[in-house]
Amino acid sequence: MQAERLLQRASVVRAIRGWMDTRGYREVHTPALVPSAAFEEHLEAVRVGPAFLHTSPEMAMKRVLAAGLCRIYQIVPAFREEEVGVHHTREFTMLEWYRVGAGTHELMDEVEDLFATCARAVGRDLGSFRRVAVSALQDPSLEPDAWFHRWVETVEPSLTGAVIVHGYPAWQSALARIRGAVADRFEVYADGVELANAFAEETDGSELRRRLDASNAARSRAGRPGHPVDAQFFDAVSRMPRAAGIAVGLDRLVMVLTGSKSIAEVQVGREL
Amino acid sequence: MMYDTSDFRNGLKVEMDGNPFVMVYFQFVKPGKGTAFTRTKLKNMRTGAVIERTFRTGEKLQAADVDEVNANYLYEDGTFAYFMNQESFEQVAIPLERIQEEKQYLTENLDVHIVVFKGEPLIMTLPNFIESEITYCEPGARGNTAQGASKPATLACGVTVNVPLFIDQGEIVRVDTRTGEYVGRVKE
């Protein structure tokens, strides 16, 4: 049973690499050990001495874009403190890719095609994707606390099948561009499990610095340490071209594609 | 006493709005950009109804003031079943309608487990296995060991279970009270 799952996982990874190669994406490697590992209020990084393990390779991959590469991807372990459950482990595998000149619509088409390719690699079919605006699912005037509570309790369980949810409230922009009242980002769900998160990337360093300061102020009010400022990231992000990027929880994708009940079924040796 | 979301586990007994609940499911969830929550299913120990509730990490729940006592079955009067609390030697009465499944296995002196919430007995749990004499079944067909062949047998406690064909009236058999299935013959 476990061997079968791990072989299916290998098939999915091979399908991803083949898909990336066909579309001209180059595999890159960025360090997991970083001076600042997160940007958002509700992300906790694993601390290693004076440094951190990255919560995703996002900040370093934007430095690769600033260096001039246009289509890049990475499959890499990522680490998040305080996240353990059926769909969470402190260490998990992230697939992340960036495409210069693209917007979220191009990435929606790409992720649908990639997931269908991965599903075929293990003899599965995710069915066709629905695309739904967040405003059709959730009252946009809810305060953050009530917003998330209702999201988790009511909205997520209703997202059956394969669904792309797009246009989040601006206060949930993270590193995405804001257009009007909404953040230009989307998430991909399969049977209520969040599989991916995508941004039309904000490239204005001073805007991003304001957001980091705001999230650190909120963290300070909650008695949490602030995320350090990574000067090289802010320097690079202002030089990178317009791009869109997406991060996929690879373990969860394999879990969903193999009909597994928990992330532990598609990993081996995760004990921490 | 209060429980925090990090204490959540199946079987946790909590009180909400004056009602006693037992946790039957819990799951850590964290939307991409949001705070962490725990999704739960809670079974009302009084009515059996299951509700779904989601709690923010760090949210607290009142522990239910429950006692778990060992007791022996005494008798029933058509409305209540009466048990003797083995520690206090007090009588405990449980409405029969609340133990409709379990009551058929009750025989005098049977050891049971009772959950009491603020003095109110809520749940009566039978031993996993009981032994009872067969008071009626069709005569045994010795030598017939055909796989799966069985016949109904009425036990002294009143329950009817399916037993293999070779079992005779007067024999004592062991029954799993959770499934209602025959599990074996008890040799005297």
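Which residues are exposed on the other side of H1(A)? In this predicted model, the exposed residues there are Ala3(A), Glu4(A), Leu7(A), Ala10(A), Arg14(A), Gly18(A), Asp21(A) and Thr22(A).

**Helix H1 of chain A**

Helix H1 of chain A runs over residues 2-22 and thus has 21 residues. From its first C-alpha to its last, H1(A) reaches 30 Å, close to the 30 Å expected at 1.5 Å a residue. The buried residues of H1(A) are Gln8(A), Arg9(A), Val12(A), Ile16(A), Trp19(A) and Met20(A). Because these residues cover an arc of only 115 degrees around the axis, they lie on the same side of H1(A). Just after H1(A), Gly24(A) adopts a positive phi of about 80 degrees.

Chain A contains seven helices and twelve strands, whereas chain B contains zero helices and 16 strands. For chain A, with 272 residues, a compact globule would have a radius of gyration near 19 Å; the value for chain A is 18 Å, which agrees. Chain B has a radius of gyration of 22 Å, well over the 16 Å given by the globule rule for 188 residues, so chain B is more spread out than a compact globule.

The table sets out further values for each chain. Its contact column concerns contacts between residues at least 6 apart in sequence, and gives the share that joins residues at least 24 apart.

| Chain | C-alpha box along the principal axes | Buried residues | Contacts joining residues at least 24 apart |
|---|---|---|---|
| Chain A | roughly 45 × 40 × 40 Å | 43% of 272 residues | 69% |
| Chain B | roughly 70 × 45 × 25 Å | 23% of 188 residues | 43% |

**Domains of chain B**

Chain B is divided into three parts: domain 1 (2-63), domain 2 (66-125) and domain 3 (129-186). The C-alpha centres of domain 2 of chain B and domain 3 of chain B are 26 Å apart. Five residues from domain 2 of chain B and six residues from domain 3 of chain B take part in the contact. On the side of domain 2 of chain B that touches domain 3 of chain B, three residues are nonpolar, two are polar and none is charged.

**Contact between the chains**

How many residues of chain B are in contact with chain A? There are 13 such residues of chain B, and they meet 17 residues of chain A. On the side of chain B that touches chain A, strand E3 (19-29), strand E4 (37-44) and strand E5 (50-56) of chain B each supply at least two residues. The largest share of that side, three residues, comes from E3(B). By residue type, the side of chain B that touches chain A has four nonpolar, five polar and four charged residues.

Note on methods
Residues numbered from 1 in each chain as written. Chains lettered and ligands numbered in written order. Predicted model: local features only at pLDDT ≥ 70, side-chain atom pairs only at ≥ 80, totals over all residues. Domains from an automatic or database assignment. Contact = placed C-beta atoms within 7 Å. Nonpolar A, V, L, I, M, F, W, Y, C, P; charged D, E, K, R; others polar. Helix = DSSP H or I, 4+ residues; strand = E, 2+ residues; numbered from the N terminus. Rg over C-alpha atoms; globule rule 2.2 N^0.38 Å. Buried ≥ 20, exposed ≤ 12 C-beta atoms within 10 Å, placed from the backbone. Expected span 1.5 Å × (residues − 1). Arc of directions from axis to C-beta.
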